[in-house]
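User: I am new to reading protein models. Could you walk me through this one, one feature at a time?
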Amino acid sequence: MVCAGTGCVANQSMKIKEAFEKELEKRKLQDEVSVVTTGCNGFCGVGPIMVIQPDGIFYQLLKVSDIPLLVEEHLIKGRPVKKLMYVPNENEPPIPKMSDIDFFKKQMLIALRNRGLIDPEKIEEYIAREGYSALAKALTEMKPDDVIQEIKKSGLRGRGGGGFPTGIKWETMKKVPGEKRYVICNADEGDPGAFMDRSIIESDPHAVIEGMLIGAYSMGSSDGYVYIRNEYPIALQRLKKAIEQAREYGLLGENIFGTDFKFDIKIARGAGAFVCGESTALMASIEGKPGEPRAKYIHTVEKGLNDCPTCLNNVETWANVPRIILKGADWFTGIGTGDVTQNPWGGSKGTKVFSLTGKVVNTGLVEVPMGITLKEIIFDIGGGIKDGKKLKTVQTGGPSGGFIPESMLDLPVDYDELTKVGSMMGSGGMIVADEENCVVDMAKYFLTFTQEESCGKCIPCREGTKRMLDILENITIGNGTEEDLDLLEELANMVVESSLCALGGSAPNPVLTSLKYYRDEYLVHVRDKKCPAHACRQLNVYTIDEEICATLGHGCDMCKKSCPDYAIMGEPKKAHYIDQLKCHKCGACYDACNFKAIKIE
Amino acid sequence: MAKITIADLEKIREESRRTLVLREGAGRAKVTVHMGTCGIAAGARDIMSAVLKEIEDRNLTDVIVTNSGCAGLCSKEPMITVEIVNYPAPVKYIEMTPGRIKKVFESHIINGQIVKEYALAIGSETTH
């Protein structure tokens, strides 16, 4: 529809129409597209105007020369031409709809469905958003076994990282005899940079409680624990309040909803040991013993807490349960990858929450459907890399996960794909690194963490990770050799194979994946004794560009004042220089210089 | 409080929906301060105080203040959500400061004009 009001005609809209018709004929589209002239559109200030239907795209300030492009892009390829579209005043950008903002557009909320919407300290607001309806449905319409079958059918897998099918765990637990049986919620989220579970409890504690109630009903348990780390004061406080409110309402306690079902939850506070996120160590910790894992030749569903059958699931897993019961397994299997009808290991269903951190523009908590690509998470939701730098690597799964190189960004995110490339889903940490990060340095960081957190019970983890760390440290200060890389790899594989629990079994993952995908970077460290990203400071040589220092900075002395080693010489207003013998390579001068005169080699 | 039955659940739901979705009588505007750990670390407690102070200073009786968890976009905290009755959708404001709160009250809550500079988006996330 071409506007043929006086204003637009005066702006040559008839010529636009002619050009448009000619272009259509040239491309043999004249029968499919009709050109209509209309009366004044009213927006004369941006004429000549054209509206293309049925999309209703509004083009403005058209010129005859724009027409071929418009026809080709919009009518043939179906891509509206942005630069010709109407833009409201640039100084006053329109407020986008929440669902149109990239950060939110690709997210799908199940576990976090109430985030930012309800007051977590008011049970009534949770109930208003269909809260506890799933429990009512389970208690009145479903037998315990129906609940287990529904969860099994949904293909829900453990969100704490292992990805074990929840339904199978519940089914196994159900079959084990025993009067006393426990369900536990694992809220001992210890990965650096991960805060999914914390945020779920902080924004929607009742979802976790309801999930546990449904699980307890299906497995015949009446005792529950939430093992939560004491470093999460707000989550802890909100959870306590939520449990009290649920008790007041009779949703915890005896005769829930007038049935025979009884269940109550106790809170066990963790002291922040990473290993206590491991199931057997966690249970030992609740029992009051040192948080050390045991070999799991007998599963915890048979003999767990106090040697009774125990089902442990992660916060996010529990939070998914009410939605599955309420909306049905078929709804849940409609989201995600693979096929779980025959085999619960056959795919990854539903959504996963990730803490997106590191060098991305929009850091935060994102819940995305399984099967979304890393690229979509980082570039569409995350808004790309900060300061226009280049992406180097993505680290998923926390300190037990691995590095994924840029070339694999099209990888769909699900349990099996991530494991295939040597990383893991983990609990959902996602750390993005740019070109200024060194993978050797990052691997060292993660290994330092797991090494410190190793409980020391088994030798491979206690001594193996220590030796691996020694080697990495040597490499980052320039004492590494090429043979070290082979030794490192051998040690890493040994630790993986012979450790008692998953902490040791996965601790070498960052080292193994970085060796696999970034061996060249290791080689530069050991051969040339250089760090390409300049992150390993001991390998850097700092010098001052005398010309920049003298002409731009006029010998401003900032570097000299910042140097703790008195290694910088030079008089004010003249070029400065660094005495390499005194320099300890702290990098303070580099940060202090306002003229970028300090160079790193 | 006595134990609730499934029928009570429906009753509570109806009652609470009234405060969740603004209706006549309940209030004219609702301000939600997002107070997850990230929000509080970024200063959400000060924002909460600033909101309460604005209400007190202006003697507003029809503004509901509530808190909620993290909205997900932790890098833009502290955030608030402002809902006004008869407005199509709630508005999320990012990177709040006590000074900006003043502006939001003056312009949006009292005069109905969205403060575009601080607004992130309108509407809510679709939930399942």
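User: Let me start with a pair of strands: which residue stands opposite Val368(A) in strand 12 of chain A?

Analyst: Before we look, note that this is a predicted model, where local features need pLDDT of at least 70, side-chain atom pairs count only at pLDDT 80 or more, and totals for chains, interfaces and linings use all residues. Residues are numbered from 1 along each chain as its sequence is written, while chains are lettered from A and ligands numbered from 1 in the order in which they are written. Now the general idea: strands of a sheet pair through backbone hydrogen bonds, either parallel or antiparallel. The residue opposite Val368(A) is Lys352(A). Strand 11 (residues 351-358) of chain A pairs with strand 12 (residues 364-369) of chain A in the antiparallel sense, over six bridges. Two strands count as paired if DSSP finds at least two bridges between them. Helices (H or I, at least four residues) and strands (E, at least two) are DSSP runs, numbered from the N terminus.

User: What joins strand 11 of chain A to strand 12 of chain A?

Analyst: A hairpin does, through five residues.

User: Which residues of strand 12 of chain A point one way, and which the other way?

Analyst: In a regular strand the side chains alternate between the two faces of the sheet. Here Gly364(A), Val366(A) and Val368(A) point one way, and Leu365(A), Glu367(A) and Pro369(A) the other way. A residue is buried if 20 or more other C-beta atoms lie within 10 Å of its own, exposed if 12 or fewer, and partly exposed in between, with C-beta atoms placed from the backbone. Across chain A, 50% of the 601 residues count as buried.

User: How do I read a helix? Which residues of helix 7 of chain A are buried?

Analyst: An α-helix has 3.6 residues a turn, so residues three or four places apart point the same way. In helix 7 (residues 144-154) of chain A, the buried residues are Val147(A), Ile148(A), Glu150(A), Ile151(A) and Ser154(A). These residues are on the same side of helix 7 of chain A because they cover an arc of only 160 degrees around the axis (the arc of the directions from the helix axis to the C-beta atoms). Among the elements covering them are helix 6 (133-141) and helix 10 (205-219) of chain A. After helix 7 of chain A comes Gly155(A), with a positive phi near 75 degrees.

User: In what order do the five strands of the sheet in chain B lie?

Analyst: The order is 2-1-3-4-5, in an open sheet with mixed pairing. Strand 2 (63-68) and strand 5 (119-122) of chain B are the edge strands, each pairing on one side only. Strand 4 (residues 91-93) of chain B pairs with strand 5 of chain B in the antiparallel sense over three bridges, and Tyr93(B) stands opposite Ala119(B) there.

User: How many residues of chain B are in contact with chain A?

Analyst: There are 39, and they meet 45 residues of chain A; contact means that two C-beta atoms, placed from the backbone, lie within 7 Å. Helix 1 of chain B gives the most to this side of chain B, with eight residues.

User: What ipTM does the predictor give the complex?

Analyst: The ipTM is 0.80, and the pTM is 0.80. Chain B averages a pLDDT of 84, pLDDT being the predictor's confidence in each residue, from 0 to 100. Where pLDDT is low, the predicted coordinates should not be read in detail.
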